[in-house]
Amino acid sequence: MLLYYNKSFFWLLLERRGSVFFRLDSVFGGLFIAALGGVVQYMRDSGWEYAPQIHHHYAFQALGAGVTFAIVFRTQLAWNRYWEAVTQLHFMYSKWADAFSQFQAFAEVTRKNVQEKDPVKADRIRLKQWRLKINYALLSTVAADRLTTGDNQRMEEVQVKGVRTRNTMRVDKEAQDFGLPKMAVRKEFDRMDSKTDAYVVFEKPSAEQVQLMMASNDIVSTVMYWILWDLADCMKDIEIAPPIQSRMYQELSNGMLGFNNCLKIADVPFPLPFAQLLGLLLVAFSAFIPVYVINFTGSPIAGPILCFFLFESLWCLNEVAKELENPFGQDTNDISLTDFHMRFVDCLEDVTVDEQVGMLRNPFLGIDPGEDDPEKHGIEVLPDVVVPGMEI
């Protein structure tokens, strides 16, 4: 996902990274239509009897209105898919972060209360905290990788010329044994490396975990089960009322809902009949652009220029729709899932850092109690006034 400065008009026009206007197919297509316009103009100027003539513009305008409406409609649908993907990603990660933060707070309060009375219980909770922290980062890793390698993105990578069914895609994926995503331990990860495609984790999965994930048909659900198991196993140790603890499970469930909403965008493509029909209409409309524009302008200079920009406007708008329809992947304009994952891992680290835990266990450490004394700051303290009938 690209961020750009929108207030510099000329810089924005000349930016090539992420642009659909400066792509070779767009530019060459526009130049080809412009060249055809020049040929038509030459045919008319030379008096060739077979030079195309248009006596009324109704047919071209009717076709143009239909093509324009269809392309704009497709672009609107594509933007809705893109915005829905971003919304559900934020929803997913916010819910998972809430669930972990709640567990961390419950666990730390319990550890503080039992640290001296039951050190074995305190150590047991501490180990659960570390294990859940690792598995939460692993959950984000496999979820982000699943969205990145969705069926829509795989169709782009394998560049299959024909259509594929979901069943054949599943069989091919299982036969190829895709494996796990690339991971990097956080302590060894270079945060200044912006080109890495590795997912940051606190610890790489053990051999047993790798074996289970490779044998699983749904890795995300498998890792989620590990987290739920640890939470259920730790409930007997946490000194928080069970109805309050149930909030953790609710937030985890909401996060999985957001993930599955993203998954339907990653796996369900734009309807083939619509895309095919729009492509045919766009080609037919583009073929008649030189004829109509040259008959309308009659200029060897303005005609080809108008041909170029009329073609580019509709062609590039259709290309924008194609970019937005599949928001997950490794393309320039795709959503940066590694960035979402990194921010989530940072959140896990922030709520478990030793300094923060120490400060929360001793909230008034280093604070002078006298600083909160109003009289010390010259503030007059009024005596308490008791209103009749309001005594407590």
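Guide: Helices (H or I, at least four residues) and strands (E, at least two) are DSSP runs here, numbered from the N terminus. You are looking at a predicted model, in which local features need pLDDT of at least 70 and side-chain atom pairs count only at pLDDT 80 or more, while totals for chains, interfaces and linings use all residues. Residues are numbered from 1 along each chain as its sequence is written, and side-chain values use heavy atoms, with hydrogens and water left out.

Visitor: Thanks! What pLDDT does the protein chain average?

Guide: pLDDT is the predictor's confidence in each residue, from 0 to 100. Residues 384-392 stay under 50, and the model has one contact (heavy atoms within 4.5 Å) for them beyond four places in sequence. Across the protein chain, 84% of the residues score at least 70, and the average is 82.

Visitor: How many helices and strands does the protein chain have?

Guide: Of the contacts in the protein chain with a separation of 6 or more, 76% join residues 24 or more positions apart. The secondary structure itself comes to two strands and 13 helices.

Visitor: What share of the protein chain counts as buried?

Guide: Buried means under 20% relative accessible area, exposed over 50%, and partly exposed in between (1.4 Å probe, protein chains only). Among the 392 residues, the buried share is 38%.

Visitor: Which residues does UniProt list for "transmembrane region"?

Guide: UniProt positions use the numbering used here, with feature names shortened, and annotations may be inferred rather than shown by experiment. In the model, residues 20-43 are 83% helix and 0% strand, with end C-alpha atoms 32 Å apart, while residues 55-73 are 84% helix and 0% strand, with 31 Å between the end C-alpha atoms. The unreviewed entry lists 20-43, 55-73 and 274-294.

Visitor: Which residues form the nonpolar patch on the surface?

Guide: A patch is made of residues with over 30% relative accessible area and no salt bridge, where like charges are joined within 9 Å and nonpolar side chains (Val, Leu, Ile, Met, Phe, Trp, Tyr) within 5 Å. Tryptophan 11, in helix H1 (residues 9-14), is partly exposed at a relative accessible area of 39%. With about 450 Å² of accessible area together, the members are Tyr4, Tyr5, Trp11 and Leu12.

Visitor: How many residues apart in sequence are the parts tied together by arginine 23 and glutamate 323?

Guide: A salt bridge is a side-chain nitrogen of Lys or Arg within 4 Å of a carboxyl oxygen of Asp or Glu. Arginine 23, partly exposed at 24%, pairs in this way with glutamate 323, which is buried at 17%. The closest N and O atoms of arginine 23 and glutamate 323 are 2.4 Å apart. Arginine 23 lies in the loop between H1 and helix H2 (24-45) and glutamate 323 in helix H11 (residues 302-325), so the parts tied together are separated in sequence by 300 residues.

Visitor: Which helices hold lysine 95 and glutamate 251?

Guide: Both partners are buried, lysine 95 at 19% relative accessibility and glutamate 251 at 4%. Lysine 95 and glutamate 251 form a salt bridge with the closest N and O atoms 3.5 Å apart. The pair ties together parts 156 residues apart in sequence, because lysine 95 and glutamate 251 lie, respectively, in H3 (residues 58-114) and H9 (residues 242-267).

Visitor: In which helix do glutamate 319 and lysine 322 both lie?

Guide: The side chains of glutamate 319 and lysine 322 meet in a salt bridge (3.1 Å, N to O). Glutamate 319 is buried at 7% relative accessibility, whereas lysine 322 is partly exposed at 39%. They are three residues apart, about one turn of the helix, in H11.

Visitor: Is leucine 132 buried or exposed?

Guide: Leucine 132 sits in helix H4 (residues 119-148). Leaving aside neighbours within four places in sequence, leucine 132 is in contact with Phe100, Phe103, Ile227, Asp230 and Leu231. Its relative accessible area is 0%, so leucine 132 is buried.

Visitor: How far apart are the C-alpha atoms of isoleucine 265 and proline 327?

Guide: Isoleucine 265 is in helix H9 and counts as buried at 4% relative accessibility. Not counting residues up to four places away in sequence, isoleucine 265 touches Arg81, Glu84, Ala85, Asn152, Glu325, Pro327 and Phe328. Isoleucine 265 and proline 327 are 62 residues apart along the chain, and their C-alpha atoms are separated by 8.1 Å.

Conventions
Accessible areas come from the Shrake-Rupley method with a 1.4 Å probe; for residues, only the protein chains shown count as cover.
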